[in-house]
Amino acid sequence: MLAGCVRGLIARGDRVTALARSQSSLSALSESVPAADRDRLRTHPCDYRDLEALAHALRSIPVRPSAAICWVHTPAEPVLELVRALFPDIDLLRVVGSSTEVPRGDGARFDRIVRLGFVIEGDRSRWLSNEEISNGVVSALLSGQPSTTVGTVTPWDAHP
């Protein structure tokens with residue numbers, strides 16, 4: 001769902017390392033990036049639930065990252081703690097669903113949150129599209145705001 005986010009960052013001239021559970025997802029992502037820009041994309045298959053493999057993948061990034069966008073399912077705290085431990089000064093964005101409880105630990109452990117909501121259109125509602133999610137996450141990254149909601153999460157009884 002964040003492929004558009006990766007493409008948007010690469011189009012801005014950023015270098016991106018993308019980790020995902022399946023090689024097929026990463027291959028499709030790579031193919032969706034213009035050939036002239038693929039040198040700014042590195043991919044690595046890795047299941048974030050395997051913390052040892054994730055640590056290895058993160059340590060293999062050749063350039064110290066300035067930001068990390070982490071969309072991991074609850075309970076995700078060990079993943080976020082690992083990213084923070086390996087890269088203490090990183091701009092860490094945690095992407096969460098509309099109903100996820102976000103624990104607020106000590107200090108800036110999970111310093112920026114991007115909450116994904118839904119869209120109300122007339123008397124109906126729908127979940128965000130992949131494009132809306134990607135655009136919202138890129139906007140949140142660039143904004144520097146500590147908390148961003150893409151779409152809306154209220155009123156909750158109007159969610160799809």
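## Helix packing and burial: worked exercises

Helix α1 (residues 3-11) packs on helix α5 (residues 130-143) at an angle of about 50 degrees, their axes 7 Å apart. Before going on, a word on ground rules: this is a predicted model, where local features need pLDDT of at least 70, side-chain atom pairs count only at pLDDT 80 or more, and totals for chains, interfaces and linings use all residues. Residues are numbered from 1 along each chain as its sequence is written, and side-chain values use heavy atoms, with hydrogens and water left out.

**Exercise 1. Work out how α1 and α5 sit against each other, and which residues make the contact.**

Step 1. Two packed helices are described by the angle between their axes and the distance between the axes. Axes are lines fitted to C-alpha atoms, for helices over the stretch in contact, and angles run from 0 to 180 degrees between N-to-C directions. Helices (H or I, at least four residues) and strands (E, at least two) are DSSP runs, numbered from the N terminus.

Step 2. Classify the angle of about 50 degrees. That makes α1 oblique to α5; the cut-offs are under 35 degrees for roughly parallel, over 145 for roughly antiparallel, 65 to 115 for roughly perpendicular, and oblique for the rest.

Step 3. List the partners. From α1 come A3, G4, C5 and L9, and from α5 come S134, V137, V138 and L141 (contact means heavy atoms within 4.5 Å).

Step 4. Sort them by class. The contact of α1 with α5 has six nonpolar, two polar and no charged residues. Here Ala, Val, Leu, Ile, Met, Phe, Trp, Tyr, Cys and Pro count as nonpolar, Asp, Glu, Lys and Arg as charged, and the others, Gly among them, as polar.

**Exercise 2. Find the buried residues of α1 and say what they pack against.**

Step 1. Pick them out: C5, V6, L9 and I10 are the buried residues of α1 (buried is under 20% relative accessible area, exposed over 50%, partly exposed in between, with a 1.4 Å probe and protein chains only).

Step 2. Look down the axis of α1. Its buried residues fall within an arc of 130 degrees, so they line one face of the helix; the arc is that of the directions from the helix axis to the C-beta atoms.

Step 3. Name the neighbours. Those buried residues pack against β1 (16-20), α2 (23-32), β2 (41-45), β3 (67-70) and α5.

Step 4. Check what follows the helix. Just after α1, G13 has a positive phi of about 105 degrees.

**Exercise 3. Are V114, T148 and V153 buried or partly exposed?**

Step 1. V114 lies in strand β5 (residues 112-116). At 1% relative accessibility, V114 counts as buried. Beyond four places in sequence, its contacts include V137, A140, T148 and V150.

Step 2. T148 is in strand β8 and, at 18%, counts as buried. Leaving aside neighbours within four places in sequence, T148 contacts I113, V114, R115, A140 and S143.

Step 3. V153 belongs to the segment after β8. At 22% relative accessibility, V153 counts as partly exposed. Not counting residues up to four places away in sequence, V153 touches S98, R115, L116, G117 and F118.

**Exercise 4. Which peptide bond is cis?**

Step 1. Recall the background. Most residues other than glycine have a negative phi, and most peptide bonds are trans.

Step 2. Go to the bond from T154 to P155: this one is cis, with omega near -10 degrees. P155 sits in the segment after β8.
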